[in-house]
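Reader: I would like a close look at a single part of this model, namely the side of one chain that touches its partner. Please set that part in the context of the fold that carries it.

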Amino acid sequence: MSEPHKADDSASVCTGAEIKLERVGIAFGESRIVTGIDLTVAPGEFVCLLGPSGCGKSTLLNLVAGFLPASSGRVSVGGKAVTGPSVDRGVVFQSTEALFPWLTVSENVEYGPRMRGVPRRERAELARHYVELVGLTHAADRLPGELSGGMRLRALMACLRVNEPSVVLMDEPFGALDAQTREVMQAEVDRIWRATKPTILFITHDIWEAIQLGDRIITMTAGPDARLKNVAAVAIPHPRDLAAPASVELYRELREDIGSEVRRVLQAQGLARAESARDAA
Amino acid sequence: MTTVDTDSPGIPAATDGAQRAKPFFDTRLGRVLTALVSVGLGVLVWQLLSLRVPPLFLPSPWLTLQAVGELWDDGTLIQSIGASLARIMVGWSLGLVIGIPVGILMGYFAIVRRLLDPYVEFFRFIPPIAFVTLAVIWLGPGEASKVALILYTTIFIVMINTIAGVLSVSDLRLRAAAALGANRLQTLITVIVPSTVPYMVTGARLAMGNSFLTIVSAEIVAAQVGLGSMIWTSRNYGKTEWVFVGIITLGLLGYVCDRVVRFTVARLLRRYAVAV
């Protein structure tokens with residue numbers, strides 16, 4: 001990437017691991033979801049995966065997370081083949097329901113260390129630190145059900161950060177938020193994660209979001225049998241001005257790129273419908 | 001993308017504002033009064049019916065109330081309540097203590113489920129009354145046979161509900177736990193069990209109802225005291241009003257027990273999103 005992000009030097013040590021997908025395909029029985037995916041995400045890079053809904057973006061993310069096995073090809077993180085989930089790969093799910101509703105914010109944050117067998121006092125200390133880092137100290141003893149969507153998302157970030165993952169996978173994390181909260185959260189993600197620089201694979205269908213956050217934006221074709229389509233390096237300095245000509249230009253390109261896929265799907269459906277109507281006649 | 005969703009054009013905007021105040025029957029006092037009126041009407045119908053038939057067939061409410069006094073004064077009623085309640089509580093608690101862990105294991109480990117499923121699916125259709133004789137033969141005429149029958153009526157319903165709870169834990173939650181480093185056993189304890197609590201509570205409440213249904217048959221044979229035994233003994237004396245006392249007491253007791261369970265659960269298990 002052309003532009004190293006300016007964060008305070010002590011924190012900007014690169015902790016990310018490389019994500020590598022080689023000729024990866026996923027099929028459920030006869031139906032092929034994605035095919036021939038070749039993708040390398042450099043350590044500390046922020047890659048946005050952009051595509052129409054149902055194109056297999058989430059499937060790809062589940063694959064890197066280790067929730068799904070690849071039907072063909074090889075997935076590796078930091079040089080090691082992915083065989084299952086790991087604390088080293090943090091996942092932010094589409095839904096903030098991923099917090100355990102019966103645990104308070106700090107208990108949720110403590111969950112990872114607890115599973116690793118970190119002693120009680122030490123993990124309370126860890127929780128306090130990371131809860132503070134996401135600005136939720138005032139809500140540390142509240143249950144997730146008592147928090148707003150944005151606060152829940154921040155709590156979820158703290159749950160991940162406490163594990164210090166080298167890879168963070170985010171699946172449309174802001175999908176459920178209102179526009180204003182979403183903007184704030186995008187800035188937070190930028191701030192929180194750019195400081196420690198894990199490798200980030202971020203899935204979205206929001207083009208502006210991708211431009212705001214990504215070092216590279218990769219578009220996908222419409223599924224089934226989806227492939228990677230284009231790669232756009234984003235050379236706009238942070239914090240990004242979405243109103244800048246470069247941003248708008250990039251938006252146009254990406255919109256055309258995705259739009260053509262959506263049109264293709266709609267056309268295919270329309271034709272199918274027309275054909276079946278003709279058959280019926 | 002120019003069309004707007006026009007699925008429901010005819011639905012008017014939400015109507016409120018005009019009627020801020022709750023209607024009377026929705027207030028606390030209103031609800032209590034409604035219930036009392038309902039009970040009062042029931043007693044009235046009972047009274048009217050009892051006027052037209054002999055007391056052996058249907059004792060009047062007044063006669064039944066007198067019987068309550070009688071049975072209360074000689075200590076029979078309180079003794080019966082105590083004995084039956086103790087059997088229900090012991091059997092029901094044992095049923096939960098065994099049924100919940102077994103249900104969790106059955107839900108989580110497919111092999112355990114496959115091994116035990118035939119038995120669960122077989123026995124849950126056999127009513128406890130079918131086992132009354134066997135229980136007495138095997139466990140003797142004492143408390144053990146009665147407690148065993150309550151346990152029997154409790155355990156399957158608790159197991160089935162718990163299994164359903166385990167199976168309905170969302171994939172998302174399991175994945176979240178795995179991504180945060182929980183192994184299979186840790187997931188069982190820290191995710192499956194807490195997620196299943198609402199189902200356990202439902203199972204426990206249903207089982208409580210079953211226990212009250214079963215206590216009467218459990219006390220058919222060789223019970224000296226107990227509400228069920230009181231009902232059976234009254235038959236021998238032709239005291240229909242005592243039967244009524246037994247029946248009404250069972251109903252009230254069941255209602256109170258369910259209330260106690262609900263209150264306790266609402267207090268202690270609020271975190272687990274139990275709707276009671």
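Author: In this predicted model, chain A contains 7 helices and 10 strands. Its radius of gyration is 20 Å, close to the 19 Å that the globule rule gives for 281 residues, so chain A is as compact as a globular protein of that length. Taken along the principal axes, the box filled by the C-alpha atoms of chain A is roughly 70 × 45 × 40 Å, and buried residues account for 43% of the 281 residues in the chain. Of the contacts in chain A with a separation of 6 or more, 71% are between residues 24 or more positions apart.

Turning to the part you asked about, 20 residues of chain A are in contact with 13 residues of chain B. On the side of chain A that touches chain B, β6 (89–92) and α2 (105–116) of chain A each supply at least two residues, and α2(A) gives the most, with 4 residues.

As for the fold, chain A has an open sheet of 4 strands, arranged in the order β2-β1-β4-β5 with antiparallel pairing, in which β2 (31–41) and β5 (80–81) of chain A are the edge strands, each pairing on one side only. Within this sheet, strand β1 (residues 19–28) of chain A runs antiparallel to strand β4 (residues 72–77) of chain A, to which 5 bridges join it, and Glu22(A) stands opposite Arg74(A) in β4(A).

Definitions and conventions. Residues are numbered from 1 along each chain as its sequence is written. Chains are lettered from A and ligands numbered from 1 in the order in which they are written. This is a predicted model: local features need pLDDT of at least 70, side-chain atom pairs count only at pLDDT 80 or more; totals for chains, interfaces and linings use all residues. Two residues are in contact if their C-beta atoms, placed from the backbone, lie within 7 Å. Two strands pair if DSSP finds at least two bridges between them. The radius of gyration is taken over C-alpha atoms; the globule rule is 2.2 Å times the number of residues to the power 0.38. A residue is buried if 20 or more other C-beta atoms lie within 10 Å of its own, exposed if 12 or fewer, and partly exposed in between; C-beta atoms are placed from the backbone.
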